[in-house]
Amino acid sequence: MDTMFSPKKPLSHAALKPYSEKVTTAALAVAQIHNGDHVFLGTGCAAPCTLLRELETMPGPPADLELIHFLLVKAFATDAHGQSLTRFHHRTFFVGADLRMAIGEGRVEYVPISIARVPEMIARGRIRVDVAMIQVSLPDAFGYVSLGVSVDIIPAALAAARLVIAEVNPHMPRTMGDTTLHISRIHHLVPVNTAVTELNREPAQEDNVQRIARYIARIIDDGSTLQVGLGYVPHEALQYLTDRKDLGLHCDVITDAILPLLEQGCITGACKTTHPFKIVTSMALGSQRLYDLINLNPLFDFQPMDAVCDPVTIAAQHKMVSIAQAYSIDLTGQVCVDQFDGKFYSGMGAQGEFLHGASRSAGGKPIICMTSTSADGKTSRIRASLAAGEVSTIARTDVHYVVTEHGIAYLFGKSIRERATALIELAHPQFRPELFAQAQAMGYLPATQTLQNMRAYPVEDELTVTLKDGSQVMLRPALSSDAQGVRNLFHHLSKADVYTRFFHHVRGLSDAEVQRLCNVNYETEVAFVAIDGPREDANIVGQACYFVNPSDNLADTAYMVHPDWQGHGLGSALQKCIAQHAARHGVRGFVADVLPGNTRMLRLAQKSPHAVRAERTGDCVHVTQLF
Ligand SMILES: CC(C)(COP(=O)(O)OP(=O)(O)OC[C@H]1O[C@@H](n2cnc3c(N)ncnc32)[C@H](O)[C@@H]1OP(=O)(O)O)[C@@H](O)C(=O)NCCC(=O)NCCS
């Protein structure tokens with residue numbers, strides 16, 4: 001090992017005494033870097049900031065250096081606009097806000113690749129690493145340092161590097177898992193004594209973000225294993241999970257957003273298939289509070305990125321939920337994640353692996369979320385086609401759940417028409433007519449389809465009811481994308497039921513007829529459906545609607561219940577649900593014409609808690625209930 005270093009060191013730590021021949025200063029360490037070297041920088045909040053600063057400011061730096069990195073937090077000196085003042089050429093797998101200008105100027109190469117595949121590229125020499133600069137904890141009694149808050153892709157870089165330089169920081173937590181490195185593998189130790197970089201997020205208070213967060217939380221069950229991408233919306237969702245039980249975490253990165261769930265005992269990992277009772281992660285980006293918690297804590301199992309993000313491991317998890325934030329989506333379901341308006345933002349991370357893994361997991365849920373418009377409200381993020389300067393990072397074949405502040409859609413296995421219909425209903429009402437017209441012009445929607453619902457989907461109107469036999473169904477406002485489900489329900493009715501519902505024999509429902517039962521304006525027309533099964537496998541087993549007559553402010557009602565579900569109280573639950581809805585919206589009462597032999601319907605009407613009057617009029621019984 002090098003003997004050129006002065007024995008007089010400006011700073012050292014007692015634990016480094018046995019390794020004093022390796023201890024040096026940042027200036028002397030970076031002087032070992034050669035012209036043309038490819039220098040890997042440790043990741044996230046474990047970036048080697050002292051070494052990087054030295055490299056950036058050393059007089060006569062090596063020529064043709066390339067700095068290679070994933071996500072770096074507050075690592076570079078920046079100008080007044082927050083743009084990095086780096087003087088080097090970079091190769092990055094993630095575009096932080098500070099590098100955006102440098103990318104535009106051609107000084108930074110962005111590599112769009114899953115971070116889970118980078119270790120393999122480094123091992124094969126396709127991504128060259130000559131020098132690795134990292135930040136580690138103090139060594140233990142056996143001479144092992146910990147990679148601390150970031151394991152990430154660092155093991156691959158260390159294995160490839162000719163020269164390893166480590167900042168040794170007593171503040172770096174010793175994390176548990178596959179995070180140790182024997183000091184013999186480090187060539188130069190640079191003692192530092194700085195607080196570990198913190199990433200503190202301001203909570204996103206906006207109403208639409210909070211709505212999305214609540215909607216996401218609605219579809220996460222007890223016992224799910226979660227991966228939450230770096231966007232601010234998925235993180236907000238975690239705060240609404242404090243009533244869930246036995247959640248698990250298997251993520252590329254953890255942040256402070258997990259702390260309330262841990263404090264309230266919601267995360268036990270008891271239902272995890274692999275690494276039960278452990279929080280598996282590759283990085284922590286958070287506050288000192290999080291770092292104090294992970295220090296020497298066996299609950300946390302830090303693993304290299306390629307191990308954490310192995311799709312087979314992810315898919316093996318019980319109820320794996322992956323939540324990713326996107327910039328835009330087109331009406332066929334193509335999702336843009338890392339490029340928006342022509343500029344590169346963030347990166348792929350390992351989101352593809354997590355979404356894939358979640359889609360293959362038993363009971364898993366891959367979720368894409370986004371606000372329906374850009375922050376200024378001027379642009380819809382739901383677009384007829386992705387715009388120039390946007391790419392499809394997640395293929396439409398891989399998209400399952402999409403959530404905006406206007407509701408939740410499930411697209412997997414759905415046709416283009418069904419996707420376009422569902423996504424238009426997730427768009428901001430202001431943009432729906434234009435999207436609808438574009439979708440019809442592109443042939444995604446037939447000319448016969450109309451756009452009725454111009455309201456935000458009222459998720460608060462969803463309710464789960466328990467029927468007489470103890471089974472549960474969800475009653476929710478109908479969507480135009482429910483057309484096929486409603487048609488299937490119709491075809492399950494007996495001939496007699498069809499007759500009592502429609503007053504004549506009907507063989508099938510035309511597009512216009514079926515749309516009338518689910519594609520409604522929620523002002524004078526309201527429809528609810530009863531759903532059996534999870535959203536991704538939803539089966540419509542009941543439908544109820546009311547149509548308000550403006551002249552007397554009374555609404556005509558009609559119901560259909562699947563024969564297998566009749567007599568269990570579903571009709572009564574639907575009646576109660578739409579009556580409460582109507583009363584809340586100022587409707588005076590319900591009327592219905594019922595065939596005299598339809599005892600079930602007459603009985604149903606009589607069960608109303610309101611004043612009910614039944615009069616025989618011609619061939620029908622005219623039933624009126626006033627609220
Ligand atoms: C009418 C209809 C919506 C009722 O739905 P449902 O889920 O069976 O209703 P419920 O289970 O809540 O039952 C309502 C009442 O009907 C009676 N009922 C239900 N099934 C019955 C049956 N097979 N025989 C006799 N009475 C029956 C019950 O007395 C019940 O009252 P109760 O709870 O006080 O005992 C359903 O039968 C249906 O879809 N029929 C075909 C379409 C139709 O006629 N629609 C109405 C025209 S607008």
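Which helix supplies the largest share of the shell around the ligand? In this predicted model, local features were considered at pLDDT of at least 70 and side-chain atom pairs only at pLDDT 80 or more, whereas totals for chains, interfaces and linings use all residues. Residues are numbered from 1 along each chain as its sequence is written. The largest share of the ligand shell, five residues, comes from α19. Helices (H or I, at least four residues) and strands (E, at least two) are DSSP runs numbered from the N terminus.

The ligand is surrounded by 23 residues, of which the closest are T500, Q566, G567, G571 and S572; a residue is taken as near the ligand if its C-beta atom, placed from the backbone, lies within 6 Å of it. At least two residues of this shell are supplied by each of α16 (495-502), β29, α18, β30 (589-594) and α19 (599-606). By class, the shell comprises nine nonpolar, nine polar and five charged residues. In this classification Ala, Val, Leu, Ile, Met, Phe, Trp, Tyr, Cys and Pro are nonpolar, Asp, Glu, Lys and Arg are charged, and the others, Gly among them, are polar.

Helix α18, one of the contributors to the ligand shell, covers residues 570-584. The expected span of a helix is 1.5 Å times one less than its number of residues. For the 15 residues of α18 this gives 21 Å, in agreement with the 21 Å between its end C-alpha atoms. The buried residues of α18 are L570, G571, A573, L574, Q575, I578, A579, H581 and A582. Burial is assigned from the number of other C-beta atoms, placed from the backbone, within 10 Å of a residue's own: 20 or more for buried, 12 or fewer for exposed, and partly exposed in between. Just after α18, G586 adopts a positive phi of about 80°.

Most residues other than glycine have a negative phi. D246 belongs to the loop between α7 (232-238) and β11 (248-249), and is partly exposed, with 18 other C-beta atoms within 10 Å. N553, likewise a residue other than glycine, has a positive phi near 55°. N553 is placed in the loop between β28 (539-549) and β29 (554-561) and counts as exposed, with 12 C-beta neighbours inside 10 Å.

The chain is divided into domain 1 (14-191), domain 2 (207-441) and domain 3 (464-626), with bounds from an automatic or database domain assignment. The C-alpha centres of domain 1 and domain 2 are 29 Å apart. Their contact involves 30 residues from domain 1 and 29 residues from domain 2, two residues being in contact if their C-beta atoms, placed from the backbone, lie within 7 Å. On the side of domain 1 that touches domain 2, α3 (100-104) and α4 (118-123) each supply at least two residues. That side of domain 1 has 18 nonpolar, seven polar and five charged residues.

An open sheet of six strands has the order β11-β10-β16-β21-β23-β24 and mixed pairing, where two strands pair if DSSP finds at least two bridges between them. β11 and β24 (407-410) stand at the edges with a single partner strand each, so one side of each is left without a neighbour in the sheet. Within the sheet, β21 (residues 365-369) and β23 (residues 401-404) run parallel and are joined by three bridges, with I367 opposite Y401 in β23. Helix α12 (residues 351-360) is largely enclosed by the rest of the structure, because eight of its ten residues are buried. These buried residues are Q351, G352, E353, F354, L355, G357, A358 and S359, and they pack against β10 (225-228), α11 (311-316), β16 (320-325) and β21.

Another open sheet is formed by three strands in the order β18-β17-β22, again with mixed pairing. Its edges are β18 (335-336) and β22 (382-383), each with a single partner strand, so one side of each lacks a neighbour in the sheet. β17 (residues 328-330) pairs with β22 in the parallel sense over two bridges, and I329 stands opposite I382 in β22.

In strand β1 (residues 38-41), H38 and F40 point one way and V39 and L41 the other way, all being buried. β1 pairs in the parallel sense with β2 (residues 66-69) over three bridges, V39 standing opposite L67 in β2.
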